[in-house]
Amino acid sequence: MAGEYPLENVILATDSYKVTHHLQYPPGTTTVYSYFESRGGTFPYTVFFGLQYILKRWLVGPVITESKIQEAKEICQIHFRQNIFNEEGWRHILKEHGGHLPLRIKAVPEGSVIPTRNVLFTVENTDPMVPWLTNWFETLLVQTWYPITVATNSRYQKELLAKYLIDTADTLNTLHMKLHDFGFRGCSSVETAAIGGGAHLVNFKSTDTIAGLLFARKYYGCNMAGFSIPATEHSTMTTWGKSREDEACRNMLNHFPSGTIAVVSDSYDVFNCCQNIWGTELKAAVEARGEKGGVLVIRPDSGDPATVVLKVLEILGKQFGTTKNRKGYKVLPPYLRLIQGDGISYKSLGPILQKLKEYQWSTDNVTFGSGGALLQRLDRDTLKCAFKCSFAIVNGEKLNVFKKPITDSGKHSKKGRLSLEKQGNTYVTVEEGNGNPVKDILVTVFENGKLIREYTFDEIRRNAELEMLKNNKRT
C-alpha cells in the first residue's frame with residue numbers, strides 16, 4: 001500500500017459516509033459554512049479548549065500529498081466496492097493550494113467560559129471549488145468535545161472547592177492543587193490521557209498524568225503545567241506484609257525526610273493505621289519531619305468517601321491535635337493532610353465537602369484525586385456537542401440553512417452566518433448574519449493551512465480562571 005500508515009492520513013480521518021457527500025450538495029454550491037456548539041447537557045457552561053491541538057496535529061501545513069490521495073483512493077475503492085472517491089477534488093487542493101487546506105476557522109479564545117447553546121467555532125471553505133471540504137473535517141473537529149468536556153468538568157469541581165474553601169478556610173491559596181489527576185490508567189489510550197490530562201491542567205496544577213504535561217508542552221508551549229509528589233501504591237506497602245505495615249510507613253519517612261509525601265494507608269485497616277501507626281508509633285517522627293517543613297498526606301482508598309474521610313480526620317485530630325482557623329473550622333497541624341482519591345467525581349465531591357463542613361472541618365485538610373470520572377466517564381452527550389451547517393451559497397444565492405425536527409426541539413439548529421457577542425454579563429449568538437463584526441469575539445485561528453492565532457497555556461488559564469480569582473478577591 002502506498003503512502004503512510006492510514007491513521008496518519010488526514011483524508012481518511014473522517015466518517016465513511018462523508019466520502020460520498022461531494023455528490024450530494026446541490027449543483028452550483030460554492031460555500032458551506034458550519035458551526036460547533038454545546039446544545040446543553042450536564043453543565044451550564046463550557047470551557048473551550050483543545051481546538052489548537054487538533055489544528056496543529058492534523059490541519060496545519062501541506063497535509064495533502066500525492067501518496068495520501070493514492071492511499072485514500074485505494075482504501076475507499078475496497079471499502080465501498082465502487083469508485084466514488086473524490087480524487088479530482090483532492091487533486092485540486094494539491095495542485096492549487098500546495099496541499100494546504102482552503103478552510104477558514106473562527107473560534108472563541110481558548111479557555112473562554114461560554115454558556116451552553118452558543119456558537120464556539122465556525123468553519124467554511126475559502127475555495128468555491130471545494131465546498132464539501134467544510135464538513136469533511138466535522139469528524140476531527142467535533143472531537144474537541146472531549147477536551148472541552150474534561151476542562152468544563154474540572155472547572156465545575158474547582159468552583160465547588162473554591163466555594164467550600166471560602167466558607168471554611170482562611171485563604172484560597174491551595175485551590176490550584178486541590179484536585180489531582182489520577183486518570184492516566186483509566187483512559188482508553190495514551191492520546192486520550194494526554195488530551196484529557198492537558199484539559200484538566202487548564203484549571204489545576206496537580207497531576208500524575210505525565211501525558212497531559214507533554215501535551216501542554218507540545219501543543220501549547222507550557223514548559224511544566226503540573227506537579228506531583230512522591231507517593232506509595234498498594235504494592236509498595238503490601239509487599240512488606242501486614243505485620244510490617246509500620247515498617248512500610250517508616251520507610252517512607254526515612255527515604256523522604258523532607259517535602260510532601262503521600263502514603264496509601266488502607267491496605268488493611270485505615271483506622272488502625274491512622275490511630276496506632278501514624279498517630280502513636282510514628283507520631284514523633286511525623287512531628288519531627290513537620291518541624292523541617294515536611295508534610296505527610298495520608299490516603300484512604302476504599303469505603304464510602306464522606307464517611308471514611310470524616311472518621312480519619314477525627315482520629316488524626318484526636319492523635320495530633322487541631323487548631324481553629326479564623327472562620328472557626330478545625331485544621332490539622334500543617335504537616336498532616338489527607339488525599340481522597342477513590343470515588344471522586346463532580347457528583348460526589350459536593351456531598352463530601354458539605355459533610356466535612358457540617359462537622360466543622362475545614363476543606364484545607366483534604367485534597368482530592370480523580371481518575372475515571374475526571375477523564376473517562378464522559379461522552380459527547382455530556383455537553384450535547386454538535387456540528388451543523390447554517391449557511392451556504394448555491395448558484396450565487398445566499399441561503400440560511402437549518403434543521404428543525406418536530407420530534408426534538410433540543411436539536412433545532414442555528415441559521416446563517418453567526419457571531420458571538422457579549423451582552424451585559426452573558427454571551428449571545430447572533431444569527432443570520434446580523435451580528436456586529438466589532439463585537440464578535442470569534443477569532444480567525446486557521447486559514448488556508450496556516451495557524452493564524454496561537455494561544456499559550458498561560459493565556460488559556462487566565463481566560464478560564466474563576467471570576468473571584470480574576471478579580472483578585474480574597475476570603
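How many bridges join strand β1 to strand β13, and in which direction do the two strands run?

1. Nine bridges join β1 (residues 29-38) to β13 (residues 385-394), and the two run antiparallel. Within this pair, Thr-29 stands opposite Val-394 of β13. The model is predicted: local features need pLDDT of at least 70, side-chain atom pairs count only at pLDDT 80 or more, and totals for chains, interfaces and linings use all residues. Residues are numbered from 1 along each chain as its sequence is written, and side-chain values use heavy atoms, with hydrogens and water left out.

2. The protein chain has 17 helices and 18 strands; these are DSSP runs numbered from the N terminus, H or I of at least four residues for helices and E of at least two for strands. Its C-alpha atoms fill a box of roughly 80 × 55 × 40 Å along the principal axes. Of the 475 residues, 53% are buried (under 20% relative accessible area, with a 1.4 Å probe and protein chains only).

3. The β1-β13 pair belongs to an open sheet of seven strands, with antiparallel pairing and the order β14-β13-β1-β5-β3-β17-β18. Strands count as paired if DSSP finds at least two bridges between them. β14 (397-400) and β18 (450-451) are the edge strands; each has a single partner, so one side of each lacks a neighbour in the sheet.

4. A UniProt record (unreviewed entry) places the feature "domain: Nicotinate/nicotinamide phosphoribosyltransferase" at residues 178-448; such annotations may be inferred rather than shown by experiment. In the model this span is 34% helix and 21% strand, with its end C-alpha atoms 42 Å apart.

5. The largest pocket holds about 1200 Å³ of space. The lining has 47 residues, with His-180, Phe-182, Asp-208, Ala-262 and Ile-339 nearest the centre. Elements giving two or more residues to this lining are β6 (179-181), β7 (260-264), β8 (295-299), β11 (336-340), β12 (366-370) and α15 (372-375). By class there are 17 nonpolar, 19 polar and eleven charged residues.

6. The second largest pocket has a volume of about 600 Å³. Among its 31 lining residues, Ala-13, Trp-58, Thr-139, Leu-140 and Gln-143 are closest to the centre. α1, α2, α5, α6 and α7 each give two or more residues to the lining, and the largest share, four residues, is from α2. The lining divides into 20 nonpolar, nine polar and two charged residues.

7. One contributor to that lining, α6 (145-168), is mostly covered, with 19 of its 24 residues buried.

8. Two cavities of 30 Å³ or more are found in the whole structure. The largest has about 40 Å³ of space, and its lining includes Phe-48, Glu-110, Arg-453 and Tyr-455. Its largest lining share, three residues, comes from α1. The second largest cavity, about 30 Å³, is lined by Lys-18, His-21, Tyr-25, Trp-132, Asn-135 and Trp-136.

Methods
1 Å grid on protein atoms, 1.4 Å probe; cavity = no way out; pocket = protein on both sides within 12 Å on 5 of 7 lines; lining within 4 Å. Points joined across faces, edges and corners; volume = space filled by probe spheres on them. Nonpolar A, V, L, I, M, F, W, Y, C, P; charged D, E, K, R; others polar. Buried < 20%, exposed > 50% of the residue type's maximum accessible area, 1.4 Å probe, protein only.
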